[in-house]
Amino acid sequence: MGQCGITSSKTVLVFLNLIFWAAAGILCYIGAYVFITYDDYDHFFEDVYTLIPAVIIIAVGTLLFIIGLIGCCATIRESSCGLATFAAILLLVFITECVVVVLGYIYRAKVEDEVNHSIQKVYDEYNGTNTDAPSRAIDYVQRQLHCCGIHNYSDWRNTRWFKESKNNSVPVSCCQPSITNCTGTLARPGDLYQEGCEALVVKKLKEIMMYVIWAALTFASIQMLGMLCACVVLCRRSHDPAYELLVTTNSYA
């Protein structure tokens with residue numbers, strides 16, 4: 001009966017190691033996605049530490065490749081030392097992912113304050129040229145999120161670009177794609193996106209941070225199962241004489 005339990009635990013361990021390799025790729029992808037997406041919105045927040053959870057996620061993903069290799073070798077060779085090392089590393093990674101979840105919630109709560117603090121400055125720096133980074137960032141956000149201005153398109157009246165251009169229009173990135181020959185003129189407000197960008201940028205960045213949080217929670221749960229299986233195999237191996245005899249016989253064979 002004990003031998004069947006050990007065999008079942010070992011089977012689960014091997015299966016979990018395969019999941020760890022898949023998880024490693026998924027975590028690295030999520031971390032890279034966060035970096036790429038935040039790069040498009042980096043003008044709207046100044047706290048570079050916001051990306052710490054994504055950095056940790058990529059590091060954990062890389063480490064999971066190594067963990068999977070150690071786990072497979074330890075399980076196949078039935079190495080007590082290897083399984084103990086496997087369980088210890090999983091525990092460290094589990095703690096790290098719990099830290100990621102906490103940091104994710106902390107920085108997710110700070111996103112709104114960061115955007116509120118920075119967005120007015122970015123709009124004030126807009127000059128309408130593609131060579132200017134803030135201008136490219138605003139045009140990109142307005143097209144991607146289908147928004148115009150900070151709270152609505154009328155906010156453009158208070159910007160330096162609007163006052164200097166003196167043409168009573170907003171950037172064409174505010175134009176709805178279904179409208180042909182849209183010039184951004186405020187004389188035709190129905191041609192423009194009606195929603196402001198501030199709330200949508202905050203929502204987008206919070207969604208991205210939630211991807212990190214949910215990924216960390218999901219794979220932390222899987223790692224907990226891996227630790228439990230490794231501990232079951234180790235405990236039963238040390239207390240089950242029949243299993244020790246089986247291992248010894250197989251080794252001599």
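Tutor: Let us begin with accessibility in this predicted model.

Student: In which helix does tyrosine 33 lie, and with which residue does it pair?

Tutor: Tyrosine 33 is in helix 1, residues 2-41, and its partner tyrosine 211 is in helix 6. The pair therefore ties together parts of the chain that are 178 residues apart in sequence. Tyrosine 211 is likewise partly exposed, with a relative accessible area of 44%.

Student: How is a pair of aromatic rings described?

Tutor: Two quantities are used: the distance of the ring centres and the angle of the planes. The structure holds five aromatic pairs. For tyrosine 33 and tyrosine 211, the centres are 6.0 Å apart and the planes stand at 50°, so this pair is tilted.

Student: Which residues do ring pairs link into a cluster?

Tutor: The cluster consists of Tyr123, Tyr126, Trp156 and Trp161.

Student: Let us turn to disulfides. What is a disulfide?

Tutor: It is a covalent bond between the sulfur atoms of two cysteines. A search of the whole structure finds three disulfides. One of them joins cysteine 147 and cysteine 197, with the sulfur atoms 2.0 Å apart.

Student: Where do cysteine 147 and cysteine 197 lie?

Tutor: Cysteine 147 is in the loop between helix 4 and helix 5 (160-165), while cysteine 197 belongs to helix 6. The pair ties together parts that are 50 residues apart in sequence. The angle about the S-S bond is 95°, and the link is right-handed.

Student: Are these two cysteines buried or exposed?

Tutor: Cysteine 147 is buried, at a relative accessible area of 0%. Cysteine 197 also counts as buried, at 1% relative accessibility.

Student: Which cysteine is joined to cysteine 148?

Tutor: Cysteine 148 forms a disulfide with cysteine 174, with an S to S distance of 2.1 Å. This pair links distant parts of the chain, 26 residues apart: cysteine 148 is in the loop between helix 4 and helix 5, and cysteine 174 is in the loop between helix 5 and helix 6. With 85° about the S-S bond, the link is right-handed. Cysteine 148 is buried at 0% relative accessibility, and cysteine 174 is buried with a relative accessible area of 0%.

Student: What is the handedness of the disulfide between cysteine 175 and cysteine 182?

Tutor: The torsion about the S-S bond is about -70°, so the disulfide of cysteine 175 and cysteine 182 is left-handed. Their sulfur atoms are 2.1 Å apart, and both cysteines are buried.

Student: What pattern do the disulfides of the chain follow?

Tutor: When the bonded cysteines are counted along the chain, the pattern is 1-6, 2-3, 4-5.

Student: How accessible are cysteine 28 and cysteine 98?

Tutor: Cysteine 28 has a relative accessible area of 22% and is partly exposed. Cysteine 98, at 35% relative accessibility, counts as partly exposed.

Student: How should I read the surroundings of a single residue?

Tutor: Isoleucine 213 is in helix 6, residues 197-239, and counts as buried at 0% relative accessibility. Apart from neighbours within four places in sequence, isoleucine 213 is in contact with Val101, Gly104, Tyr105 and Arg108. Isoleucine 213 and isoleucine 57 are 156 residues apart in sequence, and their C-alpha atoms are 9.6 Å apart in space.

Student: What are the contacts of serine 135?

Tutor: Serine 135 is in helix 4, residues 133-145, and is buried at 0% relative accessibility. Leaving aside neighbours within four places in sequence, serine 135 is in contact with Glu125, Tyr126, Asn127, Gly128 and Thr129. Of these, Tyr126 also belongs to the cluster of ring pairs described above.

Student: Where does UniProt place the feature "transmembrane region"?

Tutor: The unreviewed UniProt entry places it at residues 12-36, 48-71, 83-107 and 208-235. In the model, residues 83-107 are 100% helix and 0% strand, and the end C-alpha atoms of this span lie 36 Å apart.

Technical notes. Residues are numbered from 1 along each chain as its sequence is written. This is a predicted model: local features need pLDDT of at least 70, side-chain atom pairs count only at pLDDT 80 or more; totals for chains, interfaces and linings use all residues. Side-chain values use heavy atoms; hydrogens and water are left out. Helices (H or I, at least four residues) and strands (E, at least two) are DSSP runs, numbered from the N terminus. Buried means under 20% relative accessible area, exposed over 50%, partly exposed in between (1.4 Å probe, protein chains only). Contact means heavy atoms within 4.5 Å. UniProt positions are given in the numbering used here, feature names are shortened, and annotations may be inferred rather than shown by experiment. A disulfide is a pair of cysteine sulfur atoms within 2.5 Å. Rings of Phe, Tyr and Trp (its six-membered ring) pair if their centres lie within 6.5 Å; planes under 30 degrees apart count as stacked, over 60 as edge-to-face and the rest as tilted.
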